[in-house]
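Hi,

Here is the structure I promised to pass on.

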Amino acid sequence: MLFRFTLCLTCVKRQRLTNELRGDVLMDENMQEYFKDILLKRLEELIDEAEKTVAGMTDTEETFPDPTDRATLESDRNFMLRIRDRERKLIVKIREALERIEDGNFGVCELCGDDIGIDRLKARPVTTHCIECKRREEASEKARVT
Ligand SMILES: [Zn+2]
């Protein structure tokens with residue numbers, strides 16, 4: 001397993017306490033667990049796919065005589081460089097989303113600080129913008145192009 005997620009229980013507890021004290025339950029724990037499951041599953045699939053891609057590439061490339069030499073070459077960074085762009089971007093996004101779950105920021109819009117909304121998150125768990133901000137962004141992008 002190339003990617004590991006460390007869960008600091010003290011931080012999680014502290015964050016929960018802060019949320020409780022502030023009285024704003026942005027998303028309940030069950031929901032967070034639900035999204036964490038989805039994200040971890042997706043991440044696993046992506047890494048599996050990526051590993052296959054990398055393995056396929058290695059077959060056609062030069063072979064390393066010593067298997068331990070090869071093992072050292074297959075570092076995290078190397079691995080990330082070798083996998084396809086699309087997968088790499090998604091892996092990064094999923095890892096960030098998982099970090100936000102640990103930080104207690106998951107489901108909060110990066111731009112306006114509002115709740116993103118469970119339905120939107122279900123459709124796209126890695127999103128960082130609420131639908132309003134997303135619309136506004138798209139509108140301004142269109143305005144720039146035309
Ligand atoms: Zn927003």
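The helix that gives the most to the lining of the second largest pocket is α5, with 3 residues. Helices here are DSSP runs of H or I with at least four residues, strands are runs of E with at least two, and both are numbered from the N terminus. Before you read on, please note that this is a predicted model, in which local features need pLDDT of at least 70, side-chain atom pairs count only at pLDDT 80 or more, and totals for chains, interfaces and linings use all residues. Residues are numbered from 1 along each chain as its sequence is written, and side-chain values use heavy atoms, with hydrogens and water left out.

Back to the pocket. α5 (85-103) and α7 each supply at least two residues of its lining. The lining residues include K93, E96, R100, R120, H129 and K134. A pocket is an open set of points on a 1 Å grid over the protein atoms alone, where a 1.4 Å probe fits, with protein on both sides within 12 Å along at least five of seven lines; lining residues have an atom within 4 Å of a point. The volume of this second largest pocket is about 160 Å³, taken as the space filled by probe spheres set on the points, which are joined across faces, edges and corners.

Next, the metal. The zinc ion has the SG atoms of C109, C112, C130 and C133 as its protein donors, at 2.2 to 2.4 Å. Donors are N, O and S atoms within 2.8 Å of the metal (3.2 Å for Na, K and Ca); water is not among the atoms, so sites may look incomplete. The site is tetrahedral, with angles of 107 to 115 degrees among the 4 donor atoms; for four donors, that term asks for all angles to lie between 85 and 135 degrees. Along the sequence, the donor residues follow the spacing C-x2-C-x17-C-x2-C.

How exposed are these cysteines? C109 is buried at 3% relative accessible area, and C130 is buried at 6%, while C112 is partly exposed at 38%. Buried means under 20%, exposed over 50%, and partly exposed in between, with a 1.4 Å probe and protein chains only.

C130 sits in the loop between α6 (118-123) and α7 (131-145). Leaving aside residues up to four places away in sequence, C130 touches C109, C112, D115, I116 and R120, where contact means heavy atoms within 4.5 Å.

As for the whole chain, there are 7 helices and 0 strands, and 27% of the 146 residues count as buried.

Best wishes

How values were computed:
Tetrahedral: all angles 85-135°; square planar, octahedral: opposite > 155°, others 65-115°.
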